[in-house]
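Visitor: Please take a close look at one chain of this model and at what surrounds it. I would like one connected account.

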Amino acid sequence: MKTEVHLNSPALAVAMKGGAGYWRRQWPLYIMMIIPMAFFIVFRYIPMAGVLVAFKDYNIFKGIWASPWAGFDVFKEIFSLPEFYKALRNTLMLNFLGLLTFPIPIVLALMLNEIRVHWYKRVSQTLMYLPHFISWVIVGGMAIELLSTNYGTINQMLNAIGVPAIPFLEKPALWVATYVGAGVWHSAGWGMILYLAALTGINKELYEAADMDGATRMRKTWHVTLPGIKPTIIVLFILQIGNMANIGFEQPYVLTNNYVSDYSQVISTYVYTVGIQSARFAIATAVGLFQSVVGLILLLTAELISRKINNQGIF
Amino acid sequence: MIQNSSEKLGNAVIMILIGIFCLFCVLPMIHIFALSFSGNRAIMSGEVFLWPIEWNLNSYKDIWGDSSMIRSLLFTIGLVVGYTVLSLCATILAAYPLSRRNFKGKNVMFAMIIVTMFFNPGIIPNYLLVKELHLLNDAWSLVLPILVNAFLLIILKTSFSQMPEELEDSAWLDGCGHFRYLLRIVLPLSLPILATLALYSAVDRWNTFQDALFYINDSNLYPIQMKLYEMVVNSFVNDASAQEGFSATTPVPQSLQAASIMFATVPIILVYPWLQRYFISGMLAGAVKG
Amino acid sequence: MRNVLRKPVTATLAVVLTSALALAGCGNSNNGSNSSAAPSGSAAPTGSAAPSQSASPEQKGPPITLKIELFDRNNAPAGAPPLTDNFMTKYVQENFGDPNNITVEWVTVPRSEEVKKLNVLMASNSAPDLIFTYDKPTVQNYVKSGGLTDLGPLIEQHGEQLKKVLAPSLPDGVFEGKQFAIPALRVIQAQTSTIIRKDWLDKLGLPLPTTTEEWYEAMKAFKEKDPGNTGGKVIPFSNIQHFQLKPLINSFWDWSQVTDEDLFADPDGWTQAGTKEAFRLLNKMYHEGLLDKDFPLRKDFNQDFAQQIVTGVAGSAGTNTNELVYTGNYANLKKNNAEAVFAPIDPFATQDGKHPKPKYSASGIYLMVPAASKNAEAVVKYLNWMADPVNIRTLQLGQEGVSYEVGEDGLPVALTTPEANQILYNNQDYAMIMNGKYISPDEPEKNIAANATDPQFKDFTIESIKIGTNDSYTTPRVDIPVEAEIKYSQILSEKVKSMLAKIITVKADNFNSTYDQQIKEWQDMGGAEMIEEKRAAYKKFYNS
């Protein structure tokens with residue numbers, strides 16, 4: 001650990017010893033943690049008993065505790081349904097492709113960072129985060145208006161210049177591309193803000209030094225800017241890996257259509273159909289539990305790998 | 001500042017690329033803006049694209065005439081401000097200790113927090129808890145259950161732990177305790193990330209309405225997005241209108257929907273341009289030197 | 001650092017366990033009241049509450065607060081008073097509440113999330129005394145879990161008028177032999193009516209189609225001659241949703257072979273040979289450009305369909321009966337093109353000239369009383385009060401002279417002034433025992449006429465309803481819950497949507513194989529299991 005370097009500093013020497021010195025110095029940290037930890041215990045851990053529903057023959061009137069145990073029956077049922085595997089496969093596929101777009105907000109932030117015209121920079125930042133405020137319900141309607149094969153605005157424009165229509169929403173591969181593209185459009189500008197904030201933390205002297213060495217713009221970006229925001233990138237990447245098994249409900253739900261449902265049915269929409277709409281809470285909870293466990297395993301794996309490679313992670 | 005020609009070209013390319021992306025981002029908003037000023041016949045006929053047809057202000061008049069919309073907007077602004085302040089305080093209180101190098105129990109607590117990101121017990125247990133705490137129908141039910149966002153906490157912790165270690169050591173030597181160090185040095189140096197967190201929290205609270213759907217019955221405490229959602233989504237609920245048949249209500253006109261979207265979105269969009277002032281780079285550099 | 005990760009997990013587990021115990025504490029207190037209430041739901045309220053009431057029917061009882069669910073649709077027009085304090089609520093309080101020493105309290109529930117919110121309210125034992133939903137799986141779930149009050153005996157005691165008015169729908173509220181729900185009366189049972197652009201037919205000199213053949217020829221003529229001058233954008237047959245295609249599909253079945261059991265077990269007719277021929281026709285029409293080419297992209301067809309109607313590109317379609325009028329789309333079309341005329345038609349005929357099509361059963365939304373409610377008796381009294389024709393009229397139409405007028409034929413007509421809108425915009429949410437405007441049990445003609453809300457299209461509405469009811473049938477009723485249906489019905493209805501896309505758009509050469517393949521997939525996904533269980537349930541119900 002890095003701390004060894006500083007062991008000769010007197011402050012730390014006292015603190016590291018533990019015992020009375022440690023407490024005299026560090027007690028405020030424990031005071032600070034009281035409110036946040038109380039929050040997590042009350043509002044996150046107590047309701048977590050709700051996941052037991054997955055192992056129960058849940059009756060909403062009896063409550064979680066009085067409902068009879070059902071062991072792993074619910075899981076057995078889920079894992080026996082071919083539709084579940086299809087939904088799982090699609091979820092992983094769409095999330096993996098989403099992961100490939102992970103660098104886009106970073107690239108946007110780096111590009112903005114290079115713009116020297118101040119008003120242009122400020123205005124474009126604000127415009128880029130607008131899509132985040134348009135709800136998916138509305139995006140879904142607009143997607144069909146723009147992209148449908150025979151009547152969509154874009155295809156009509158293509159037809160007008162003699163290009164054959166592109167079935168954006170019909171062919172599975174094109175639909176997947178549309179899905180991923182819509183995701184980028186909706187959230188890249190929003191995600192970029194975090195990187196912009198990280199960029200402000202980079203020491204200006206480093207750029208000055210690089211200028212002295214006559215470094216080009218690309219070299220400065222590569223050797224100064226990127227290392228400066230690396231911790232943020234790593235943290236966000238690990239968190240996204242941990243989210244591989246989860247997928248939002250709204251985006252696939254509004255973008256799907258009857259041509260591509262074999263590829264657009266994902267875990268969240270599947271749970272909505274078989275669990276929520278049919279009032280089968282145990283199914284919804286069990287699938288959620290499965291996702292949680294997978295997500296946690298992925299997160300810890302990513303964390304361990306990142307620690308090995310970068311000596312850095314979220315912990 | 002001497003710029004050679006290749007750098008100028010690079011600048012131009014970057015500005016054009018960013019400009020194109022911005023265009024994609026802003027067009028749908030302009031479309032909704034145009035709808036909100038258009039006549040319903042023109043909208044239904046698909047004539048409206050980026051410019052209002054049959055220009056009128058009726059939809060906005062309806063909204064301003066609806067006292068519940070105004071009340072809801074004011075309540076939402078108050079809620080968002082209150083939530084953002086409290087949430088930021090609680091997040092800072094957790095992020096600071098967790099970012100210290102020498103804090104026993106740190107990893108246990110941090111692991112506990114990470115775990116909560118993954119397990120979602122579903123709405124019924126959450127509702128039971130809020131009910132037991134007597135928070136139903138209370139604005140606190142829209143604040144306390146989401147007080148700390150673990151994701152934002154991790155971001156802030158990462159940012160805090162990037163501060164030069166020399167800073168803390170010298171502060172300690174100056175006889176500065178944790179509270180004073182946090183207030184006097186850490187927070188002022190973290191303004192950009194704090195501004196970002198404030199933005200994320202505020203927008204989150206502004207856009208979230210699912211909790212209000214369950215916890216709030218009093219229409220005085222409806223967040224504006226919840227009213228909007230009901231208005232827009234109800235006209236999409238296909239099954240419902242078929243089942244209701246002859247008692248179906250006439251759908252809310254699209255121009256009114258669009259105007260309501262503008263009304264409920266513009267205030268929160270304005271937050272970012274205002275917060276941009278805190279995105280000044282190089283603050284840290286000066287501090288270390290001095 | 002690497003070992004650290006192992007430690008937190010055990011520590012975390014300990015915390016989970018302790019907090020789980022904490023929840024047990026508060027969970028138990030809830031369950032206590034629930035479990036004592038649940039059994040009483042099936043039997044006790046009648047035993048305990050009824051006798052005291054019959055002893056002194058005239059006397060005011062002790063003060064009661066009666067909580068009633070109310071949909072919040074957020075569609076209030078500008079200037080309207082709050083949902084829970086307006087003309088309707090005051091009318092209820094003054095005319096029902098005050099005389100009975102009852103304070104009526106309204107509990108608003110967002111319309112689009114009603115089922116989710118209801119589940120939460122029920123699970124936390126805080127549901128209102130009178131609840132309702134259209135969602136049958138939810139009702140079945142409550143019945144199965146013992147969460148509802150048996151209202152049968154209370155209706156016998158206090159529901160004379162209610163019984164009379166709801167006579168056609170009450171049987172649908174019986175589950176497992178008990179009256180666990182009171183279904184509202186669906187005044188108009190017509191479900192689907194086909195419509196066609198009459199002005200286009202007139203231009204082409206064609207009569208209103210009375211057979212599938214004539215209809216098909218008209219569709220071809222619409223496409224080829226484009227009488228609407230749409231510039232080739234014409235969509236002769238729109239609204240390709242399974243639900244709206246039923247009159248067409250039904251006309252291909254061999255009805256001499258179709259039993260009531262078949263209708264119950266397989267209402268969509270995937271096992272009927274004729275269904276395939278119906279789809280063969282649709283497939284052919286698709287490739288001839290007579291259908292909406294992008295129909296599989298339309299997940300919620302209603303919006304697109306509305307647009308196709310209003311822009312005047314749709315030639316014909318199956319629709320919810322009278323949908324064009326109550327959505328305002330017909331009126332919008334007229335604004336675009338004053339000459340446009342839609343006529344209801346009934347062209348799809350079987351070999352022996354019948355026009356079979358499903359219609360709704362007489363029941364609408366399900367009204368229920370949670371087992372935990374102590375006010376089941378007051379609820380029944382309230383509904384009985386509501387069933388009085390005067391009260392129904394007021395709750396549906398408001399105040400005479402302000403929000404409605406009585407026309408020459410003696411029928412009330414709702415006004416469309418701003419004042420009237422402020423009273424009426426959610427009127428159907430107070431008169432919950434009715435789906436649709438209602439005049440009296442004895443005069444169905446008047447009931448139909450009362451639902452022709454827009455005088456401009458009165459004839460269209462009446463004709464649509466007639467056609468929607470012509471030769472129509474209701475699906476037989478079986479009150480035994482079918483497990484496989486609860487399990488698979490949602491996923492199968494999703495499957496049907498994608499089947500439609502595949503079957504109708506496939507190349508004609510591959511039609512047979514694709515159709516058979518899709519039916520097989522449907523069967524394997526639970527369709528076969530569902531049909532089998534439904535047949536068993538049907539036999540059990542009707543043979544015992």
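Guide: In chain B, 70% of the contacts between residues at least 6 apart in sequence join residues at least 24 apart; two residues are in contact if their C-beta atoms, placed from the backbone, lie within 7 Å. This is a predicted model, in which local features need pLDDT of at least 70, side-chain atom pairs count only at pLDDT 80 or more, and totals for chains, interfaces and linings use all residues. Residues are numbered from 1 along each chain as its sequence is written, while chains are lettered from A and ligands numbered from 1 in the order in which they are written.

Chain B contains 16 helices and zero strands. Both are DSSP runs numbered from the N terminus, helices being H or I with at least four residues and strands E with at least two. Of the 290 residues in chain B, 44% are buried, that is, 20 or more other C-beta atoms lie within 10 Å of their own, with C-beta atoms placed from the backbone.

Towards chain A, 73 residues of chain B are in contact with 71 residues of chain A. Helix H1 (residues 5-36) of chain B gives the most to this side, with 14 residues. By class, the side of chain B that touches chain A has 51 nonpolar, 17 polar and five charged residues. Here Ala, Val, Leu, Ile, Met, Phe, Trp, Tyr, Cys and Pro count as nonpolar, Asp, Glu, Lys and Arg as charged, and the others, Gly among them, as polar.

Notes: Buried ≥ 20, exposed ≤ 12 C-beta atoms within 10 Å, placed from the backbone.
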